[in-house]
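Let's take a walk through this structure together. Keep the picture in view as you read, and look for each place as it comes up.

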Amino acid sequence: MANLKEIRNRITSVSSTMQITSAMKMVSAAKLKKAQDAITAMRPYAEKLTELLQNVTASLEGDSASVYSEQRPVNKILVVAITSNRGLSGAFNSNVVKEVKNLLVEYKDKQVDFVTIGKKGNDAIKKGNNIINHNTTVFDELTFANVADIAENLMQLFVDGAYDKIELVYNQFKNAATQIIITEQFLPILPVEKQENTSVDYIFEPSKEQIIEELIPLSLKTQLYKAIRDSFASEHGARMTAMHKATDNATELRNQLKLTYNKARQAAITGEILEIVGGAEALNS
């Protein structure tokens, strides 16, 4: 059994760790509230914009496909992996890396390059893979304008023919304890099948085709912004949950150490009493 000093030092160390994890849990909880409100408010807009784009696209007659919907043989694929800059968030980052490895197996006969958003993903993926660009500053000021710059670069790579397909891999926020790993096609835009008895009642000005050309880039930027917002909220949810579990584990360990300390202290006191009694008997004999 460890001596009393060692146990006291461990109790102090565990107590300090518990205070840190508890503080990190509260910080993540505060950040999660803002991030959750942001993604919850944004989803209806993003979904309505996608619905509007699909309805208008479905109403086009003839071959009026956008440059962003060009379907071509897939030989070169770009994967955008969205993680975080910091760890201590459970399996949040490792799930994205695991999904990336699954995609590498799926596309083993094709050229696969990466764009990483977040330091943790970049550090894990760069080993043995080609990363053409990485961004670790977007989370410092997560605005639509900053994300739009990233989206424009991706769109230009597709239009220039550098890649035949672009996919997003990220954590979709469900609640504080649950994040769903998502692999989502960014480009080309998936074709929308025209449905029978579908009535589209829009007044177009100046023209349907011109509106489509302006609406598609906006929709793509919004899609990427929503994915990063989802990941941002998921990160804080995962970290809050991880720190909650870490605090509970530290509390349990501290209680066990205190029990061990009390037992060791009682054993030491009992030993000292026995020594005193033995010494007194020796003097009297």
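**Where two helices meet**

Start with the contact between two helices: Phe144, Val147, Ala148, Ile150, Ala151, Glu152, Leu154 and Met155 in H4 meet Pro217, Leu218, Leu220, Lys221, Thr222, Leu224, Tyr225 and Ile228 in H5. Contact here means heavy atoms within 4.5 Å. Helices (H or I, at least four residues) and strands (E, at least two) are DSSP runs, numbered from the N terminus.

Before going on, know that this is a predicted model: local features need pLDDT of at least 70, side-chain atom pairs count only at pLDDT 80 or more, and totals for chains, interfaces and linings use all residues. Residues are numbered from 1 along each chain as its sequence is written, and side-chain values use heavy atoms, with hydrogens and water left out.

Back to our helices. H4 covers residues 144-159 and H5 covers residues 208-284; their axes come within 9 Å and cross at roughly 115°. (Axes are lines fitted to C-alpha atoms, for helices over the stretch in contact, and angles run from 0 to 180 degrees between N-to-C directions.)

Now for the charges. Side chains of opposite charge can pair when their charged atoms come close. A salt bridge is a side-chain nitrogen of Lys or Arg within 4 Å of a carboxyl oxygen of Asp or Glu, and by this rule the count comes to ten. One of them joins the side chains of Lys221 and Glu152, at 2.9 Å from N to O. This pair links distant parts of the chain, with Lys221 in H5 and Glu152 in H4, 69 residues apart. Lys221 is buried, at 17% relative accessible area, while Glu152 is partly exposed at 38%. Buried means under 20% relative accessible area, exposed over 50%, and partly exposed in between (1.4 Å probe, protein chains only).

What does Asp164 pair with? Its side chain meets that of Arg72 in a salt bridge (3.1 Å, N to O). Asp164 sits in the loop between H4 and strand S4 (165-175) and Arg72 in the loop between H1 and strand S1 (76-82), so the pair ties together parts that are 92 residues apart in sequence. Both Asp164 and Arg72 are buried.

Salt bridges that share partners join Arg43, Lys226 and Asp230 into one network.
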